[in-house]
Amino acid sequence: MTDIPLLSLAVWVPIIGGLLVLATGSDRNAPMARALALLVAVVGLVVTIPLYTGFDLGTSAMQYVELVPWVPRFNINYHLGVDGISMLFVILNAFITIIVVVAGWKVIETKVAQYMAAFLIMSGLMNGIFAALDGVLFYVFFEASLIPLYLVIGIWGGPNRVYAAIKFFLFTLAGSLLMLIALLYLFMESGGSFSILEWHNLPLGIEAQTLIFFAFLIAFGVKVPMWPVHTWLPDAHVEAPTGGSVVLAAIALKLGAYGFLRFSLPIVPDASMQLAPVVITLSLIAVVYIGFVALAQADMKKLVAYSSISHMGFVTLGFFTFNPLAVEGALVQMISHGFVSAAMFLCIGVLYDRMHSRLIADYGGVVHKMPKFAAFFMLFAMANSGLPATSGFVGEFMVILGAVQFNFWVAFLAATTLIVGAAYSLWMYKRVVFGAVANDHVGELEDVTGREFAFLGVLALCVLAMGLYPFPFTEVMHASVDELLRHVAVSKL
């Protein structure tokens, strides 16, 4: 099985399939475009499954490695590989792509082929980010993935879609330029190598490490997004179509967090240790302050967008406590957030498709007309609050336990999210779902269709399965996380 280029298939099956979907042309062929997009998305997931089933749990080394010279003159290679940190995100990405295709099946009525193709191509490019072991290859995938998401927001988004798309693009591009400078510096310092794994062992001085750390911090911090460079995210979420919000929250935000583990911690470990208080402070601001900002939102999408910033603050907090339990908890939180945030945005999309409003005040009494939907929405709101037995609890609890070993007061402040998160999630749910039927528009609502029940049901099973039995997710991380933290500890000045 290892002789099959699984990672290349994970990258190029969605991209080539997306181009074939694009070739179906006008909306006269929309049924063909939808069917082909679903087929490609399913095949894209199928080719990633062997990455998990054949994964060697006993090593921290990169697996399924592919290495082919790309631009030999500059020592740039097509170099792919995954470890216990990155492998699960390739599968999560492929899984979410199927959900997005199914979710947009009836909702998207114009430029259907282009819409489906954008998500398929984006899926392949994001798999490339998680698998790239060459600096230039990583940067190309990292930047190229912006284009489909920019188009999705700008073409199929809301009234202010152009503003939101440009703001998203400029914020991310500005951070990426600093990363490019850092990558070129590492190329020079390594004697002409773009190998990320070789960069992990560069003997850099603390001054150089500090400058590189801040370049990566800005580049990946924008993508997470960390406070105070988070302002693009609520605008992008509000204006994006439901599928765009799902991919943005479930996958795109993870790219920045992944960058910290693949670049910041192993390449500049001494600076990471010294400047960890800076990242922890920014993370706690995101967890606590942004949680209260979410509480004040009148728009459901904005509320969930701000909650995503708060939850991702947990991720960066876990990374920079340098505790194995906290780092693994942060990775679990990333995967859980992929399920829960996708489900929350899909639930809001189900309501928006019927009412064409995201304002909480326009709803009330939805449970009387949509009992099945209300049950799903309750589960996901509870998971977003960190309810035990849901996936939302596992990662946060692990991070808090790890943070206690690092510093009690850091853990105490982080734990406030369990209260604030419950406040904004359940208060929103109460106002939207419970009470008397608020108006005639709510009175005309119909419960979820079979298609909607299917994708919400699958996500509900994922949330419960991960919450009740997280071991299949955590077992693949141990070796890679332990080796990463050993590397950071050994390199400490």
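**Aromatic rings in close-up**

**View 1. A cluster of phenylalanine rings.** In this predicted model, ring pairs join F138, F142, F213, F214, F216, F220, F260, F263, F320 and F322 into a cluster. Across the structure as a whole, 29 aromatic pairs are found.

**View 2. The ring pair of F220 and F260.** Here the ring centres of F220 and F260 lie 5.8 Å apart with their planes at 70 degrees, and because this angle is over 60, the pair is described as edge-to-face. The pair again links distant parts of the chain, with F220 in helix α10 and F260 in helix α12, 40 residues apart. F220 has a relative accessibility of 0% and therefore counts as buried, and F260, whose relative accessible area is 0%, is buried too.

**View 3. A lysine over the ring of F142.** K223 is placed over the face of F142, at 4.9 Å from the ring centre. The ring of F142 is also one of those that ring pairs link into the cluster of the opening view.

**View 4. An arginine over the ring of W427.** In this view, the charged end of R431 sits over the ring of W427, at a distance of 3.6 Å from its centre.

Key: Residues are numbered from 1 along each chain as its sequence is written. This is a predicted model: local features need pLDDT of at least 70, side-chain atom pairs count only at pLDDT 80 or more; totals for chains, interfaces and linings use all residues. Side-chain values use heavy atoms; hydrogens and water are left out. Rings of Phe, Tyr and Trp (its six-membered ring) pair if their centres lie within 6.5 Å; planes under 30 degrees apart count as stacked, over 60 as edge-to-face and the rest as tilted. Helices (H or I, at least four residues) and strands (E, at least two) are DSSP runs, numbered from the N terminus. Buried means under 20% relative accessible area, exposed over 50%, partly exposed in between (1.4 Å probe, protein chains only). A charge sits over a ring if NZ of Lys or CZ of Arg is within 6 Å of the ring centre and within 35 degrees of the ring normal.
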